Amino acid sequence: MLLFQRWLAEQLPTVSDPEHRKLLQLFAAWHVERRLRAPAYRDPLTGSQTEQARNEVHRAIAFLDHLAQRGRALADCTQADADT
């Protein structure tokens, strides 16, 4: 868990849009890290669990970038934006 948190702390500053950075931080805390905590209490996290968590953050970054390129904010996202 600590390695994922350290990785996230290194990744977030690379996101230039402050609003995106804030959204990603919330997404990581409330979705990604929350999901990792349960298995981390029982056993050490596996490499595949942390890799999946990193991939989720990377996909979220890519999605926010995609929306920005289309001139959309997350609040204005439509199903067509998600489908694309």
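**Entry 1: salt bridges.** I looked up the salt bridges of this predicted model and counted five, a salt bridge being a side-chain nitrogen of Lys or Arg within 4 Å of a carboxyl oxygen of Asp or Glu. Local features need pLDDT of at least 70 and side-chain atom pairs count only at pLDDT 80 or more, while totals for chains, interfaces and linings use all residues. Residues are numbered from 1 along each chain as its sequence is written, and side-chain values use heavy atoms, with hydrogens and water left out.

**Entry 2: E56 and R35.** I found a salt bridge between the side chains of E56 and R35, at 2.9 Å from N to O. This pair links distant parts of the chain, 21 residues apart: E56 belongs to helix 3 (residues 47-69) and R35 to helix 2 (residues 18-42). Helices here are DSSP runs of H or I with at least four residues, numbered from the N terminus. I then checked accessibility, where buried means under 20% relative accessible area, exposed over 50%, and partly exposed in between (1.4 Å probe, protein chains only). E56 is buried at 11%, whereas R35 is partly exposed at 33%.

**Entry 3: D81 and its partners.** I noted that D81 forms a salt bridge with R70, with the closest N and O atoms 3.4 Å apart. The pair ties together parts eleven residues apart in sequence, because D81 lies in helix 4 (residues 79-83) and R70 in the loop between helix 3 and helix 4. D81 also meets R72 in a salt bridge, at 3.0 Å from N to O. I therefore asked: is D81 buried or exposed? D81 is buried, at 1% relative accessibility. R70 is partly exposed at 42%, and R72 is partly exposed at 34%. I recorded R70, R72 and D81 as linked in a network of salt bridges.

Conventions. Helix = DSSP H or I, 4+ residues; strand = E, 2+ residues; numbered from the N terminus.
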